[in-house]
Amino acid sequence: MADKNGPDGTGETGRGKQHETGIRDDDLERRRRELEASLATRRPNRLEGKDDAKAGSAAGYGQAVKLSSEFIAGVVVGAGIGWIIDRMAGTSPWGLIVFLLLGFGAGVLNVMRSAGVVAEFGQGDKSRSGRDDSK
């Protein structure tokens, strides 16, 4: 049978030796505060609490709907213009084909502009206007 001080710890009713854990608790608390400070400096814009995941997913869904609607609008407008030109000029199906492709290109360009990959028209590289073209 094991006694109270045995290796299996049977019969003990508490945390055991309190004087040793006091030192470790202070050290762990100090390290936890340092870690929190380090994480706070690395992620200053992070939202607090459980709403963080919900807010991120809602913003992601909103961005996805915005980008997909801009793409679909470009394709539909291009197809509509092509269909109208075909009806008026009697050039079926060439107007629809050409303007459907132009609408596809416009939709892709709109998505890239909305995502910030391509600059808006006239907002491109400013260094071009300052270069010397007198060669």
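**The annotated stretch and its ends**

A: R113 sits in helix α3, which runs over residues 94-115 (helices are DSSP runs of H or I, at least four residues, and strands are runs of E, at least two, numbered from the N terminus). Keep in mind that this is a predicted model, where local features need pLDDT of at least 70 and side-chain atom pairs count only at pLDDT 80 or more, while totals for chains, interfaces and linings use all residues. Residues are numbered from 1 along each chain as its sequence is written, and side-chain values use heavy atoms, with hydrogens and water left out.

Back to R113: it counts as partly exposed because its relative accessibility is 26% (buried is under 20% relative accessible area, exposed over 50%, partly exposed in between, with a 1.4 Å probe and protein chains only). Skipping neighbours within four places in sequence, R113 is in contact with V118, A119, E120 and F121 (contact means heavy atoms within 4.5 Å). R113 also lies 9.7 Å from L67, C-alpha to C-alpha, though 46 residues separate them in sequence.

Now the annotation. The unreviewed UniProt entry marks residues 67-85 and 91-112 as "transmembrane region"; its positions are in the numbering used here, feature names are shortened, and annotations may be inferred rather than shown by experiment. In the model, residues 67-85 are 100% helix and 0% strand, with end C-alpha atoms 28 Å apart. Residues 91-112 come out at 86% helix and 0% strand, and there the end C-alpha atoms are 32 Å apart.

Next up is D86, which belongs to helix α2 (residues 51-89). D86 is buried but has no salt bridge, and the nearest side chain of opposite charge, R87, is 8.8 Å away. (Lys and Arg count as positive, Asp and Glu as negative, with His and chain ends not counted; a salt bridge needs a side-chain nitrogen of Lys or Arg within 4 Å of a carboxyl oxygen of Asp or Glu.) What the D86 side chain does reach is the backbone nitrogen of L96, at 2.9 Å. Not counting residues up to four places away in sequence, D86 touches T91, S92, P93, W94, G95 and L96.

Last, the rings. There is one aromatic pair (Phe, Tyr or Trp rings, six-membered for Trp, with centres within 6.5 Å; planes under 30 degrees apart are stacked, over 60 edge-to-face, the rest tilted). F71 and F104 have ring centres 5.5 Å apart and planes at 80°, so they pair edge-to-face. That pair links F71 in helix α2 with F104 in helix α3, 33 residues apart. F71 is partly exposed at 28% relative accessibility, and F104 is partly exposed at 45%.

Methods
A polar contact is a pair of N or O atoms within 3.5 Å; within protein, one must be able to donate a hydrogen and the other to accept it, and residues adjacent in sequence count only if both atoms are side-chain atoms.
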